Amino acid sequence: MRERFWERFDLEELTNEEWEALCDGCGQCCLLKFQDETSGELAVLNVACELLDIHSCRCSDYAHRFEKVPDCTQLTPERIDDFRWLPKSCAYRRVAEGRKLAAWHPLIAGGPERMHRKGISVRSFAVSQREVPEEELEEHIIAILPIDG
């Protein structure tokens with residue numbers, strides 16, 4: 001990877017390896033979400049995709065995630081604007097908005113533990129989708145995000 005690529009190149013110019021390395025591994029994008037078709041509001045749950053390893057906040061089968069989880073969506077530089085729900089802490093969002101990576105980001109801090117200690121990741125509050133019956137999902141809403149357009 002190129003040195004400090006996140007500061008020197010636009011998202012569209014990153015190699016696949018750099019793009020993947022930019023992910024801070026917080027797991028927030030792996031939380032289940034429901035969108036109200038009328039209002040457009042997005043309900044975020046503390047329930048993580050069944051493939052998320054909650055301790056590491058990484059997908060347990062990243063290579064096959066689209067086959068195993070049909071609702072899994074792929075974030076790409078071209079689609080970054082479609083993911084307005086990404087948290088302000090998200091490295092992809094930060095770089096797209098011209099902001100620097102946070103000091104806790106694994107590329108800056110040398111690993112993910114600082115991010116986990118600061119409470120950025122879902123490690124401290126998420127539960128696996130495998131543990132929550134579908135009829136109880138509404139009880140796990142932790143935020144309602146207004147999404148325009």
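How many of the residues of strand 2 (residues 42-48) are buried? Seven of its seven residues are buried, and the strand is mostly covered.

## Basis of the model

The model is predicted: local features need pLDDT of at least 70, side-chain atom pairs count only at pLDDT 80 or more, and totals for chains, interfaces and linings use all residues. Residues are numbered from 1 along each chain as its sequence is written, and side-chain values use heavy atoms, with hydrogens and water left out.

Buried means under 20% relative accessible area, exposed over 50%, and partly exposed in between (1.4 Å probe, protein chains only). Strands are DSSP runs of E with at least two residues, numbered from the N terminus. Strand 2 is covered on both faces: Leu42, Val44, Asn46 and Ala48 are buried on one side, and Ala43, Leu45 and Val47 on the other.

Two strands pair if DSSP finds at least two bridges between them. Strand 1 (residues 31-35) runs antiparallel to strand 2, with four bridges joining them; glutamine 35 has leucine 42 as its bridge partner. These two strands form a hairpin with six residues between them, and glycine 40 in the turn has a positive phi of about 85°. Strand 6 (residues 141-145) is also joined to strand 2 by four bridges, again antiparallel, and its isoleucine 144 is the bridge partner of alanine 43. Strand 5 (residues 127-128) pairs with strand 2 in the parallel sense over two bridges, where serine 128 is the partner of alanine 48.

## Aromatic rings and charges

Rings of Phe, Tyr and Trp (its six-membered ring) pair if their centres lie within 6.5 Å; planes under 30 degrees apart count as stacked, over 60 as edge-to-face and the rest as tilted. The whole structure holds three aromatic pairs. In one of them, phenylalanine 83 and tryptophan 85 are edge-to-face because their ring centres are 5.6 Å apart and their planes lie at 65°. Phenylalanine 83 is buried at 7% relative accessible area, and tryptophan 85 is buried at 18%.

A charge sits over a ring if NZ of Lys or CZ of Arg is within 6 Å of the ring centre and within 35 degrees of the ring normal. The charged end of lysine 33 sits over the tryptophan 85 ring, 4.4 Å from its centre. Arginine 65 lies over the face of tyrosine 62, 3.6 Å from the ring centre.

## Cysteines

Cysteine 57 is buried at 4% relative accessible area. A search of the whole structure finds zero disulfides.

Definitions and conventions: Disulfide = S-S within 2.5 Å.
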